[in-house]
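Here's a fold to walk through with the sequence and coordinates side by side. Have a look at it first, then read on.

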Amino acid sequence: MSTKLTHFRSGQPQMVDVSQKAVTVREATAEGWVRLPPEARAALESGTTPKGDPLTVARLAGIQAAKRTADLVLLCHPLPITGSRVDLTLEPQGVRIVATVRTGGQTGVEMEALTAVSVAALNVYDMLKAVSKAVQIDGIRLLHKSGGKSGDYRVDDLPSAVTESGHEKPSAEK
């Protein structure tokens, strides 16, 4: 790994020039968790949350966040997102959020996937805060990335029953 700071020149922040990089297909998947106290879980399961359906709102917010990452993360390049999938599932540990973002471009989409997960999680919190302020957001991390000069990355503890996009393999493939 290079020790040269690519986002600084003469001590000042800069957006890296990627114009000489090859255009390749790039994909990234991130996940995060929203931990639910019993009263928030009960409201979500029974459909009695005061603001409506948190998972639907969070899914849409995550997709929008992926498209707006360059507005939020200051040195990110605005990218032509060619695909964005945000899935929210209620698990025993809470709400699991998995976002996969894809582009054909000169820089990766890791920040877009992480931003999608983060904003989706914030929207779940916002939709449930009237029920409980003890809702917690944690575990936001990159699961997988592919494409580009640095090659592929896959988190070490990703179960084999889960595809690189963070989604369960169909039972015939397990």
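What follows goes from the sheet to a helix, then to the core and the charged side chains.

A word on the ground rules: this is a predicted model, where local features need pLDDT of at least 70 and side-chain atom pairs count only at pLDDT 80 or more, while totals for chains, interfaces and linings use all residues. Residues are numbered from 1 along each chain as its sequence is written, and side-chain values use heavy atoms, with hydrogens and water left out.

**The sheet**

Helices (H or I, at least four residues) and strands (E, at least two) are DSSP runs, numbered from the N terminus. Two strands count as paired if DSSP finds at least two bridges between them. On that basis there's an open sheet of 5 strands, in the order S4-S5-S3-S6-S7, with antiparallel pairing. S4 and S7 sit at the edges with a single partner strand each, so one side of each has no neighbour in the sheet.

S6 then pairs with S7 (residues 153–154) in the antiparallel sense over 2 bridges, and His144 has Arg154 in S7 as its bridge partner. The hairpin of S6 and S7 has 6 residues between the strands, and Gly147 in it takes a positive phi near 90°.

**Helix H1**

Which residues of H1 are buried? In this helix (residues 38–46), Ala40, Arg41, Ala43 and Leu44 are buried, meaning under 20% relative accessible area, with over 50% called exposed and anything in between partly exposed (1.4 Å probe, protein chains only). They cover an arc of only 165° around the axis, which puts them on the same side of H1; the arc is that of the directions from the helix axis to the C-beta atoms. Pro38 and Glu45, on the other side of H1, are exposed.

The buried residues of H1 pack against H2 (54–67), S4 (81–91), S5 (94–105) and H4 (110–128), where contact means heavy atoms within 4.5 Å. Just after H1, Gly47 takes a positive phi of about 70°.

**The core**

In soluble globular proteins, nonpolar side chains tend to be buried together. A nonpolar core here is a set of buried Ala, Val, Leu, Ile, Met, Phe, Trp, Tyr and Cys residues joined through side-chain atoms within 4.5 Å. The largest one has 26 residues, and Val34, Leu36, Val86, Leu88, Val95, Ile97 and Val124 touch the most other members. S3, H1, H2, S4, S5 and H4 each supply at least two residues of this core, with the largest share, 7 residues, coming from H4.

**Charged side chains**

A search of the whole structure turns up 10 salt bridges, each a side-chain nitrogen of Lys or Arg within 4 Å of a carboxyl oxygen of Asp or Glu. Here are three of them.

| Salt bridge | N to O distance |
|---|---|
| Arg141 and Glu31 | 2.8 Å |
| Arg141 and Asp157 | 2.9 Å |
| Lys51 and Asp126 | 3.1 Å |

Arg141 is in S6 and Glu31 in S3, so their pair ties together parts 110 residues apart in sequence. Arg141 is partly exposed at 28% relative accessible area, whereas Glu31 counts as buried at 6%. Asp157, at 51%, counts as exposed. Glu31, Arg96, Arg141 and Asp157 are linked in a network of salt bridges.

Lys51 is partly exposed, with 44% relative accessible area, and Asp126 is partly exposed at 27%.

So which charged residue is buried yet has no salt bridge? That's Glu112, whose nearest side chain of opposite charge, Arg26, is 9.9 Å away; Lys and Arg count as positive and Asp and Glu as negative, while His and the chain ends are not counted. Glu112 is found in H4. Not counting residues up to four places away in sequence, Glu112 touches Ala66, Thr69, His77, Leu79, Ile81 and Val101.
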